Amino acid sequence: MFPSTIPLETTPDYSETTDQFQSVTRMELPPHNREAENAVLGDCMADSLACAWALSSLCDDDFYCNRIGIEAIRASFEKYGKADLLFVINHLKRAVAPGLEFNTSDTIESWKRFSSPSNVAGHCEAVKEFSTKRVLSML
C-alpha cells in the first residue's frame, strides 16, 4: 500500500531544476518566419517562374527552418529547370540522418499551405527581412 501523503521531509527539492527550466524556456530563437519560408518553398513547387524569382532573390542562408528544403529545390531547379517533386523528396530523404523518420508528404503539404505564387515577391521579402534581423542580432 502507498501512503496517501508523502512526508514533507522526503519531498525532493526541485528549486534548482525549476530555475534551470525557466532559463531554458526564456531562451529566444533567432529571428525567423517559418510561414514565409514555407510559402516561398510552396511557391517554388507550384510555379517555375516563382521558383526562378525566389532562387535569384534569396540564398540558402536566408532560410532558418527550411535550409534543406531550399537546397533541394535549388538542386532540382539547376538540374531540371523546375522544382521536381520526386527529386526534392529524394533529396530531403538523403539529407536526414540515418535512422530518423522523415515525413516528406507532411513537409511538402506544410509548404503548400502558405503558398501563393503570385505573391512570391512578398514572401521572399519577408524571408529576407528576417534573415537580415537574424544577422544583425548576432552582431
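Which residues lie nearest the centre of the largest pocket? The legends below take up this and related views of a predicted model, in which local features need pLDDT of at least 70 and side-chain atom pairs count only at pLDDT 80 or more, while totals for chains, interfaces and linings use all residues. Residues are numbered from 1 along each chain as its sequence is written, and side-chain values use heavy atoms, with hydrogens and water left out.

**View 1. The fold of the protein chain.** The protein chain has seven helices and zero strands, where helices (H or I, at least four residues) and strands (E, at least two) are DSSP runs numbered from the N terminus.

**View 2. The largest pocket.** Of the 14 residues that line this pocket, C65, N66, F102, T107 and W111 lie nearest its centre. Helix 2, helix 4, helix 5 and helix 6 are the elements that each give two or more residues to the lining. A pocket is an open set of points on a 1 Å grid over the protein atoms alone, where a 1.4 Å probe fits, with protein on both sides within 12 Å along at least five of seven lines, and its lining residues have an atom within 4 Å of a point.

**View 3. The largest nonpolar core.** This core (buried Ala, Val, Leu, Ile, Met, Phe, Trp, Tyr and Cys residues joined through side-chain atoms within 4.5 Å; buried means under 20% relative accessible area with a 1.4 Å probe, protein chains only) holds 24 residues, of which V40, F63, I73, V88 and W111 touch the most other members. Its largest share, five residues, comes from helix 2.

**View 4. The surroundings of I73.** Leaving aside neighbours within four places in sequence, I73 is in contact (heavy atoms within 4.5 Å) with L41, C44, M45, C51, L55, A83, V88 and W111.

Conventions
Buried < 20%, exposed > 50% of the residue type's maximum accessible area, 1.4 Å probe, protein only.
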